[in-house]
Structure formats: C-alpha cells, structure tokens
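Morning, everyone. Let me put the model on the screen, and then we go through helices, loops and pockets.

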Amino acid sequence: MNLDQLLDFNEKFVDSKDYEAYTTDKFPNKRMVIFTCMDTRLVELLPKALNIRNGDVKMVKNAGAIIRKPFDSIMKSLLVAIYTLKAEEVVVIGHHGCGMSNVDTEALQQTMLDRGITEDTLHTLEHSGINLHKEFHGFEKIEDSVTQSVGIIRNHPLLPNEVNVHGLVIDPETGKLDVVTRED
C-alpha cells in the first residue's frame, strides 16, 4: 500500500460518510489513558482484548511503551490527557516479543550506515551528547520495562495523587493480559 492508495480510500470513506460510525468527542468515555507499544499486532487486538471502542480512551504509543525521561513527549501527553481531557487513570501496557527487547544497538547503527547515514553524522551526534546505544537500548525483560515506565509516571511531580497508574503485559498472540503492578 502506498500514500495514493491511502488517499483514494480516504476520499471514498469521507464521501460515503463512513466516519459517522466513529463520532465522539475529545474526552475519553472510560476516563483512561493507555500508554502502549506501536507494535502492529496490537492495532486491533489491544482494543478488542480490553473492550474499548473509539472514544473510550486516550491512546499514546511509542516503540516499546518505554518512558525514560520524566519530561519527554510521552509524559507530556499523559499529563495533558489527565489535566485537560479528563483522564483519571493511566495504564501502561507492554507486550511479549517486543522488538525493543534486547535491541542490538551495534547492528542497528550498522543498518543506519548501510542505509546512507554517514559516519560524520554519527560522530556529530556522539559529540553533541547523544549516545545512540543508550537512546536505542530497549530492555531485557518486559515486566521490568513496564515497572520502570510506571515508576516514572507514579513518581512524577505533576501527577495528581488521585490518579492510579497500572502496568500490564499483553500476549500479542492471544490478547491475554497479566498484571505487573496496580494501584487501588
């Protein structure tokens, strides 16, 4: 599929008013924000496994459902969902078999070089304080990664005390959820 195919489909979607089935407002019906991985296996499986529909939750995604810095764009998105979009609960959902587990950063860097990124660019980044190995290192155990992300959220100085933060792991084959950590 390419961009022209997406745009052709979109034109038909709008013309036939198929969007009407998804009409909702910007506030999550279930007052929840979910932070999860961008894995393709979760696009439809995760909502089905959680019984969520369009308009039910705010969904924030990145590679691996990883938060490393308390003021990164993910954390800002979670705080906006809480303060301006009425989310009252946060759920971090990692998954088994994640592409961010045990990332070989040396191989990744070689792939970058093979695809046209120059040694000079990598050298410039390194001397600008950006450590590619640290930036792209994933995790070894998904439960530990979920626990780390949950900890950053729970301990954030701008998170209201009444907001519960939970950590789950989903099986991308079956949709089965396991609780890693929960607040009540």
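A quick definition to begin. The expected span of a helix is 1.5 Å times one less than its number of residues. Keep in mind that this is a predicted model.

Now helix H1. H1 covers residues 3–15, which is 13 residues. From first C-alpha to last, H1 reaches 18 Å, close to the 18 Å expected. Look at where H1 starts. A side-chain oxygen of Asn2 comes to within 3.0 Å of the backbone nitrogen of Asp4. At the other end, H1 is followed by Lys17. The phi of Lys17 is positive, near 60°.

Two further residues have a positive phi. Ala65 is not a glycine, yet its phi is positive, about 55°. Ala65 sits in the loop between S2 and H3. Is Ala65 buried or exposed? Ala65 counts as buried, because its relative accessibility is 0% and the cut-off for buried is under 20%.

Next, Lys86. Lys86 is not a glycine either, and its phi is positive at about 70°. Find Lys86 in the loop between H3 and strand S3, residues 89–95. The relative accessible area of Lys86 is 43%, so Lys86 is partly exposed.

The largest pocket has a volume of about 470 Å³. It is lined by 19 residues, and the closest to its centre are Pro47, Ile52, Arg53, Asn54 and Gly55. Which elements give two or more residues to this lining? They are helix H2, residues 42–50, and strand S2, residues 57–62. H2 gives the most, with 4 residues. By class, the lining of the largest pocket has 8 nonpolar, 4 polar and 7 charged residues.

Then the second largest pocket. Its volume is about 340 Å³. Which element gives the largest share? H6 does, with 3 residues. By class, the lining of the second largest pocket divides into 5 nonpolar, 2 polar and 5 charged residues.

That is the tour. Questions, please.

Note on methods:
Residues numbered from 1 in each chain as written. Predicted model: local features only at pLDDT ≥ 70, side-chain atom pairs only at ≥ 80, totals over all residues. Heavy atoms only, no water. Polar contact = N/O pair within 3.5 Å; in protein donor to acceptor, adjacent residues only side chain to side chain. 1 Å grid on protein atoms, 1.4 Å probe; cavity = no way out; pocket = protein on both sides within 12 Å on 5 of 7 lines; lining within 4 Å. Points joined across faces, edges and corners; volume = space filled by probe spheres on them. Nonpolar A, V, L, I, M, F, W, Y, C, P; charged D, E, K, R; others polar. Buried < 20%, exposed > 50% of the residue type's maximum accessible area, 1.4 Å probe, protein only.
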